[in-house]
Every structure is written in structure tokens, then in C-alpha cells.
Amino acid sequence: MDTVYAIAKFVHITGVVMLMGNITATAIWKFFADRTGDARIVAFSQRLVTITDWSLTFWGVILTIAGGYWMAWLAEINPFEPAWLIWGQVMFVAGGMIWLAILVPVQIRQARDARGFADGGEIPDRYRRDSRTWIIWGLIGTAPLVAAVWLMIAKPY
């Protein structure tokens, strides 16, 4: 394996680790923070969701895409030809669309609400409903990303 290809693969895998690691870890600690019912803890965890999404998820997506297409280019593979690669990209885009269409707007609303109770006080019902929506759709939106990782590794067809 030549050095440039190894660098491209490193970029790609680093992006996948950042993306998948952040979305799963964030869901777990946000879920448990929300369950405390302590407004300060809930608000703090919501703030961290925003910070980690910009610093890990966003850059994880960028590195995943850049490294993947860079590897395809170096290997002289048409990224729109092998079925495993097409379906991997379809799954990646499907997961991304769920995150962009449903989860990001919910997360923005939650961040706005959390600023209102960051110093303590009552957590509004809307925030709690949005938290359930975020967890449910987060799991749904993560499934195609997991499928994309499997397709990239297994190359089943």
C-alpha cells in the first residue's frame, strides 16, 4: 500500500471514527443527563451536544467524504460503479438527510430552550418531547450510517 493511499485511508477512517463515535456517545450521555431531571445538568449536556456536533460530527462527515473519494480516485475506482460503494453512499446520504431534516432542527430548538433553564428552573414539556424525538430519530438516523460502515468493510457485492 503506498503512502498517499494510506494517508487517504487514515483520513477516511478518522472521519468515520469521529462521526460514529460522537453520535453514539452523545446519545448515551444526553439520554442519561436528561433522565436526571436537573435543569442545570440537562442544559449543560445540551450545550455539549452543540459543541461536539460542530467539532466532531461536522468534521467527521467532511473527513469521511474527503478520504473516501480520495481513496477512490487514487485506486481509480468509479465511486458510482461498484454496487457496494453506491449503496454505502446511499446509506450515508440517507442518514445525513434524517439528521439534517429532523434532528438538527430539534437540536436547535432544544439548545434555545436549554439556555432558558441553564441556571435552574423548570424544564419545559416541549424540551422533553423534543428529547424523545431526538433519541428515536437519532437511532433511526444512525442505522443507515452503520449499514454504510458495514458495506464499506464487507463489500458484499
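Before I start on the pockets, let me say what I mean by the word: a pocket here is an open set of grid points where a 1.4 Å probe fits, with protein on both sides within 12 Å along at least five of seven lines, and its lining residues are those with an atom within 4 Å of a point. Please also keep in mind throughout that what we are looking at is a predicted model.

With that in place, which helix gives the most to the lining of the second largest pocket? It is α3, with eleven residues, while α1, α2 and α3 each supply at least two residues of that lining. The volume of this second largest pocket comes to about 610 Å³, and of the 21 residues lining the second largest pocket, those closest to its centre are Thr 57, Phe 58, Trp 99, Leu 100 and Val 104. If we sort the lining of this pocket by class, we find 15 nonpolar residues, five polar ones and one charged one.

Let me now turn to the largest pocket, which holds about 720 Å³ of space. It is lined by 28 residues, and the closest to its centre are His 12, Gly 68, Met 71, Leu 85 and Met 152. By class, the lining of the largest pocket has 21 nonpolar, five polar and two charged residues.

The largest nonpolar core is made of ten residues, which are Leu 19, Met 20, Ile 23, Val 49, Ile 98, Trp 99, Leu 103, Val 106, Trp 134 and Leu 145. Two or more of these core residues come from each of α1, α3 and α4, and α3 gives the most to the core, with four residues.

What about rings paired with rings? The count comes to five aromatic pairs. One of them joins Phe 31 and Phe 32, whose ring centres are 5.1 Å apart and whose planes stand at 80 degrees, so this pair is edge-to-face. The rings of Phe 58 and Trp 59, with centres 5.0 Å apart and planes at 85 degrees, are likewise edge-to-face, and these two residues form one aromatic cluster together with Trp 54.

Are these residues buried or exposed, or something in between? Phe 58 is partly exposed, because its relative accessible area of 34% falls between the cut-offs of 20% and 50%. Trp 59, at 45%, is partly exposed as well, and so is Phe 31, at 34%.

Finally, Phe 31 lets us look across the chain to Arg 128, for although the two are 97 residues apart along the chain, their C-alpha atoms are separated by 11 Å. Arg 128 is found in helix α4, and with a relative accessible area of 31% this arginine is partly exposed.

Key
Residues numbered from 1 in each chain as written. Predicted model: local features only at pLDDT ≥ 70, side-chain atom pairs only at ≥ 80, totals over all residues. Heavy atoms only, no water. Phe/Tyr/Trp six-rings, centres within 6.5 Å; stacked < 30°, edge-to-face > 60°. Buried < 20%, exposed > 50% of the residue type's maximum accessible area, 1.4 Å probe, protein only. 1 Å grid on protein atoms, 1.4 Å probe; cavity = no way out; pocket = protein on both sides within 12 Å on 5 of 7 lines; lining within 4 Å. Points joined across faces, edges and corners; volume = space filled by probe spheres on them. Nonpolar A, V, L, I, M, F, W, Y, C, P; charged D, E, K, R; others polar. Core = buried A, V, L, I, M, F, W, Y, C linked by side-chain atoms within 4.5 Å.
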